[in-house]
Amino acid sequence: MAFSEDSKHDRLKIVIVGGGVGGLGLLRCLSTTIDPKKHTVVLIDARPAYVHLISSLRLVVSNTDNLITRSVHPYGDHTFRNKLAGNGTFIQASVIGIKFNDTGKGGQVILDNDGIVAYDVLVLTTGSILPHPIAFPTSTKAIEEYVKARQAEFAAATDILLVGGGPVGIELAGELRDVYPSKAITLIHRSSHLLNAVYPDKFRIAIQKQLQDREITVLTGDAITMSDTATSQVPKDGFITKQGKTLKPDLIPTWGMRPNTSYLPSDLLSSTGHVKIIPTFQLPAHPDVFAIGDIVDWNERVNASKVVRSHAPIAAQNVLLYLSLREAQGKDSIDIDILASKDSAKYKGTIEAIMISNGNGMSYLDILWGIMFGGWITSLSSRDLAVSRLSYLTGYNPV
């Protein structure tokens with residue numbers, strides 16, 4: 001997987017931080033377009049394996065069909081395919097900081113193991129900090145133990161409170177109901193409808209009805225305080241919600257995803273902690289640094305499909321364009337106007353689409369007047385949760 005220092009000495013280095021759908025999608029794009037004589041690639045991730053988040057909610061509830069083997073794919077030689085074969089390195093570490101050199105002249109990534117990785121182009125795709133019960137640890141053995149512990153927690157619980165009615169909370173409620181038809185399950189959501197306002201009310205209301213039809217209690221326009229859920233410990237007397245309801249669950253999975261960007265200086269971030277970018281996915285002040293996926297400050301609802309099909313291809317094209325322009329200008333003479341190159345690809349957003357797995361599930365596509373799909377169409381994907389197509393992204397084929 002690693003390459004010799006002599007062979008890579010004169011090649012420009014692309015460093016990708018984050019091996020989720022963004023990082024792997026970018027690698028897949030680069031694997032057919034990169035010039036291995038000119039460029040090398042380094043992938044950095046805190047975990048030794050990619051955990052398929054779409055199926056992770058089913059995984060922490062029950063290891064149906066040996067799901068842990070099928071949805072946790074280790075990084076390795078297979079991660080670097082086609083033109084990247086023998087031309088890529090994987091490093092397991094967490095990034096704790098970045099040292100930016102002069103504008104457009106590369107820099108260094110600082111790792112938590114005291115390592116330093118130099119880059120000519122840096123792509124940040126570190127995603128979100130995941131909440132319990134999908135806050136997976138950073139070793140393969142620990143991931144397996146964590147999954148078994150979560151499965152045991154759910155099996156032992158009789159009354160489960162889920163805080164937050166976004167896609168994660170809704171799908172976890174559905175997975176729990178599939179496995180445990182008689183457990184009490186309550187979903188509490190601060191807004192008046194589930195999900196968020198990027199989707200029409202008719203879709204949000206239909207999702208709520210679908211949950212209620214499965215005997216899942218849904219409390220909208222209500223909340224418990226964040227301090228109540230900080231440790232997932234249930235107070236002896238239970239909770240009193242803001243609307244005055246008394247809840248006495250024996251297990252509370254807590255939510256609150258946030259962008260994984262603490263390693264960046266605040267001037268590069270929005271008020272919500274997302275990375276400020278221009279339509280080429282470059283950071284305005286650092287043309288040699290790109291960002292894609294959950295961490296970017298863009299007015300859209302980011303999902304895996306958008307990142308793989310739109311963010312990654314555009315970023316890959318612009319990374320290679322940047323490197324070609326840098327080569328043409330020379331390493332010591334970088335013109336920041338390459339940000340506005342007429343040849344660069346610009347991201348203009350994509351249509352909003354979502355698929356909710358919950359029993360038969362329900363989907364929404366923001367075209368025409370807004371199209372809703374239910375029943376068997378959504379259930380086709382819900383059955384497998386795209387696990388069978390995962391090797392296309394990771395290059396790994398479970399035995």
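User: What makes lysine 245 and aspartate 222 a salt bridge in this predicted model?

Analyst: In this predicted model, the closest N and O atoms of lysine 245 and aspartate 222 are 3.9 Å apart, and because a salt bridge needs a side-chain nitrogen of Lys or Arg within 4 Å of a carboxyl oxygen of Asp or Glu, the pair counts as one.

User: Why is aspartate 222 called buried, and why is lysine 245 called partly exposed?

Analyst: Aspartate 222 has a relative accessible area of 3%, and because buried means under 20%, aspartate 222 is called buried. Lysine 245 has a relative accessibility of 38%, which lies between the 20% limit for buried and the 50% limit for exposed, so the term is partly exposed.

User: Why is the aromatic pair of phenylalanine 281 and tyrosine 347 called tilted?

Analyst: The ring centres of phenylalanine 281 and tyrosine 347 are 5.1 Å apart, which is within 6.5 Å, so the rings pair. The planes stand at 35° to each other, and because stacked needs under 30 degrees and edge-to-face over 60, the word that remains is tilted.

User: How do you know that tryptophan 298 and tyrosine 347 also form a tilted pair?

Analyst: The ring centres of tryptophan 298 and tyrosine 347 are 5.4 Å apart and their planes are at 50°, so the pair is tilted. Tryptophan 298 sits in the loop between β18 and α9, tyrosine 347 in the loop between α9 and β19, 49 residues apart. Phe281, Trp298 and Tyr347 form one aromatic cluster.

User: Is tyrosine 347 buried or exposed, and what makes it so?

Analyst: Tyrosine 347 has a relative accessibility of 3%, so it counts as buried, whereas tryptophan 298, with a relative accessible area of 25%, is partly exposed.

How values were computed. Residues are numbered from 1 along each chain as its sequence is written. This is a predicted model: local features need pLDDT of at least 70, side-chain atom pairs count only at pLDDT 80 or more; totals for chains, interfaces and linings use all residues. Side-chain values use heavy atoms; hydrogens and water are left out. Rings of Phe, Tyr and Trp (its six-membered ring) pair if their centres lie within 6.5 Å; planes under 30 degrees apart count as stacked, over 60 as edge-to-face and the rest as tilted. Helices (H or I, at least four residues) and strands (E, at least two) are DSSP runs, numbered from the N terminus. Buried means under 20% relative accessible area, exposed over 50%, partly exposed in between (1.4 Å probe, protein chains only).
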